[in-house]
Amino acid sequence: MSLLEVKNLRVSFNTPDGVVNAVRGLSFDLNKGKTLAIVGESGSGKSVSTQTITGLTRGAKVTGEAYFDGVDLLTADASYLRKVRGSQIGMIFQDPLSSLHPYYRVGWQIVEMIRAHESVSKQAARDRAIELLNLVGIPRADTRIDDFPHQFSGGMRQRVMIAMAMSLSPSLLIADEPTTALDVTVQAQVLGVMRTMQEQFGTAIIIITHDLGVVAQMTDDVVVMYAGAAMETASRREIFYNQHHPYTEGLLQSLPTQGETSRLTPISGTPPSLISLPPGCPFEPRCRYAFDKCREETPPLREVFADPDHHSACWLSTDQDERVRLREESYAREEATA
Amino acid sequence: MTNPATTPAATSTGDPLLRLEDVRKLFPVHSSSLTNRDRDFVHAVDGVDLEVRPGETLGLVGETGCGKSTLARCIARLYDVTSGKITFDGRDVTTLSRKQMRPIRREVQMIFQDPYGSLNPRRRVGSIIGDPFSIHGIGSRQERKRRVQELMEVVGLNPEHYNRFPAEFSGGQRQRIGVARALALRPKMLICDEPVSALDVSIQAQVINLLLDLQDEFGLTYVFISHDLSVVRHVSDRVAVMYLGKVVETADVDELFETTRHPYTKSLLSALPVPDPDIADSRQRIILAGDVPSPIKPPSGCRFHTRCPKARPDCVKVLPPLEPVLGDPPTHSAACLHPLEVGEDMSRSTPQIDDTETVVQLREEGAK
């Protein structure tokens with residue numbers, strides 16, 4: 001059952017340097033209780049898209065639709081969005097220190113959030129806050145509830161954020177680079193907490209990240225973004241073991257894999273400017289398979305490998321055997337000339 | 001990895017290029033009381049012994065607060081150590097004066113994590129890279145320009161951009177500028193402090209390849225600091241793992257990953273996200289409880305005992321020496337009284353002491 005349906009989302013900003021087309025036609029579906037990863041590097045448009053959906057971008061020109069629970073958030077009024085944010089859609093961001101108010105005790109911040117949406121007594125809200133802090137693994141929650149954000153470490157703060165985001169049992173949690181600023185062992189803790197939340201509350205999660213390792217353990221489905229558009233959408237296993245799009249392939253190839261000591265295979269070149277994008281496919285200048293059509297016509301997202309859940313915005317053959325053959329040829333050629 | 005054919009005979013006797021003996025770096029903390037009697041110190045580096053052989057890459061890993069960056073700056077003498085000895089290329093450089101350090105600085109260079117903070121935004125790139133030459137009084141102006149442009153080519157930058165400012169370059173390109181600057185005087189050793197962490201994934205690979213190629217071409221020795229174990233595994237010959245100011249394990253890279261001895265190293269490896277769903281699904285996951293303790297009041301005995309799944313009473317009292325355990329070769333040392341056997345499943349261990357983070361967490365879980 002579809003919880004969130006995004007159709008052809010476009011977001012652009014007017015800047016002194018020109019119009020920045022941050023998101024250029026993004027579409028995806030998210031079902032209840034599932035986890036979707038939006039993967040991309042800086043400038044891909046991954047953060048702007050979710051922020052726009054929840055009404056957090058200002059001064060942007062927005063077109064498209066984003067149906068959440070049947071209502072198009074992009075045309076909803078401010079008071080509706082305020083209601084939805086927090087109670088039905090929870091959000092956590094990359095840097096918990098800037099998301100928590102430094103002057104207010106952590107418990108107060110959670111209680112305030114609860115009481116802004118529900119009419120419960122202070123005590124009842126406080127009890128719920130302690131329960132949530134316990135749930136996210138803050139030790140001695142009943143005393144720590146009265147601490148200030150700076151008295152927590154980065155990982156703990158992120159867990160406080162998760163507690164706050166979950167306090168009204170939202171059906172969707174959007175986590176924007178939740179673990180990027182954290183150490184690896186703390187990252188593992190925070191991801192574990194998110195999974196627990198999902199199990200307890202049946203929450204759907206959108207996790208925005210550039211870390212493919214996180215994607216491999218946390219998700220059901222993946223959207224790979226580049227230069228403001230979706231390049232490939234597929235299930236987790238398909239993205240890792242059966243990619244179609246050369247950008248997805250390039251990302252996976254450029255990662256240092258366990259125990260291999262040969263040279264890495266980076267993607268040559270750099271991401272394009274979102275102000276002056278060339279016509280055709282945005283990835284074409286860096287693509288090892290590019291041919292004339294790629295420069296002339298932008299490929300739409302189309303079904304590949306006869307899999308209705310696997311789409312790729314690429315002109316390469318949609319036949320699986322052919323695609324694999326092309327990949328092997330290209331890498332063999334590279335080895336030979338190295 | 002290194003190419004033996006091009007390693008320099010920096011010390012023909014086979015001595016290490018760099019040796020650290022019981023190096024400590026303490027930073028005083030301002031006490032909040034009016035009397036300065038109880039001065040607290042941050043034990044950033046608290047007794048480190050390390051060796052780096054010529055031509056090799058030593059990976060230095062650890063999480064925030066382990067002291068690896070401080071250690072890097074001590075090696076480069078950007079900080080003065082509080083105590084201990086640093087020997088570089090056979091010479092004791094621990095307490096050399098600024099003037100005496102000058103010639104040594106040509107041999108040890110550093111590249112930094114933040115490609116935006118490590119370049120002066122007001123200076124043109126050509127002069128940034130040319131700085132080492134002018135500081136050490138090498139070459140005429142034209143000579144310098146020529147050498148700088150050569151360096152720019154070597155690191156994959158367009159030499160025609162000589163007069164541009166850092167702001168006109170991307171993160172990955174700025175990192176290349178930093179590398180060019182570090183290479184200007186043909187140093188023997190390069191300390192790379194998280195050189196790719198701030199870069200996008202697709203650019204990281206480019207810079208890593210560049211560093212490896214340069215190592216082969218110029219016979220460089222690297223100390224490579226990173227929190228990203230997969231990158232460290234790829235570039236290093238040997239690895240040292242740090243926790244709270246001390247080295248807890250050192251080994252040849254494959255041995256560290258295959259024959260892990262120290263529980264902290266094991267937890268670190270277990271926490272490493274692997275971009276492979278099958279492996280991610282089937283892995284033994286060890287999730288450490290709590291946070292890294294404060295380096296102002298490090299725990300007694302083994303620093304890791306407060307979070308260690310295998311903690312025993314002696315771990316609280318005894319500081320384990322860093323030495324080979326369980327019959328390991330001399331190249332593999334671990335600072336642990338109860339090191340891991342091969343194939344040991346640490347996820348089944350429970351600590352046998354009270355009041356550690358793990359115990360508190362387990363207690364609270366049990367009470368629910």
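Predicted model: local features only at pLDDT ≥ 70, side-chain atom pairs only at ≥ 80, totals over all residues.
Local features here need pLDDT of at least 70, side-chain atom pairs count only at pLDDT 80 or more, and totals for chains, interfaces and linings use all residues. Residues are numbered from 1 along each chain as its sequence is written, while chains are lettered from A and ligands numbered from 1 in the order in which they are written.

The contact between the chains draws 37 residues from chain A and 34 residues from chain B; two residues are in contact if their C-beta atoms, placed from the backbone, lie within 7 Å. On the side of chain A that touches chain B, at least two residues each come from helix 7 (154–166), helix 8 (184–201), helix 9 (212–218), helix 10 (236–241) and helix 11 (246–253) of chain A. Helices (H or I, at least four residues) and strands (E, at least two) are DSSP runs, numbered from the N terminus. Helix 8 of chain A gives the largest share of this side, six residues. By class, this side of chain A has 15 nonpolar, 16 polar and six charged residues, where Ala, Val, Leu, Ile, Met, Phe, Trp, Tyr, Cys and Pro count as nonpolar, Asp, Glu, Lys and Arg as charged, and the others, Gly among them, as polar.

Among the buried residues of helix 9 of chain B are B:Tyr264, B:Leu268 and B:Ala271. The buried residues of this helix pack against helix 8 of chain A together with helix 7 (229–235), strand 9 (238–243), strand 10 (246–252) and helix 8 (253–258) of chain B.

Two helix pairs within chain B can be compared by their axes, which are lines fitted to C-alpha atoms, for helices over the stretch in contact, with angles running from 0 to 180 degrees between N-to-C directions. Helix 3 (residues 125–135) and helix 4 (residues 141–154) of chain B pack at about 120 degrees, their axes 9 Å apart. That angle makes helix 3 of chain B oblique to helix 4 of chain B; angles under 35 degrees count as roughly parallel, over 145 as roughly antiparallel, 65 to 115 as roughly perpendicular and the rest as oblique. Residues of helix 3 of chain B in this contact include B:Ile129 and B:Phe133, and those of helix 4 of chain B include B:Val148 and B:Leu151. Five nonpolar, three polar and three charged residues make up this contact.

The axes of helix 5 (residues 171–183) and helix 6 (residues 201–218) of chain B come within 10 Å and cross at roughly 15 degrees. Helix 5 and helix 6 of chain B are therefore roughly parallel to each other. Their contact has six nonpolar, four polar and one charged residues.

In chain A, the buried residues of helix 4 include A:Val106, A:Ile110 and A:Ile114. The buried residues of helix 4 of chain A pack against helix 2 (78–87), helix 5 (122–135) and helix 7 of chain A.

A:Glu5 lies in strand 1 (residues 2–15) of chain A. With 17 C-beta neighbours inside 10 Å, A:Glu5 counts as partly exposed. Leaving aside neighbours within four places in sequence, A:Glu5 is in contact with A:Asp29 and A:Tyr67.

How values were computed:
Buried ≥ 20, exposed ≤ 12 C-beta atoms within 10 Å, placed from the backbone.
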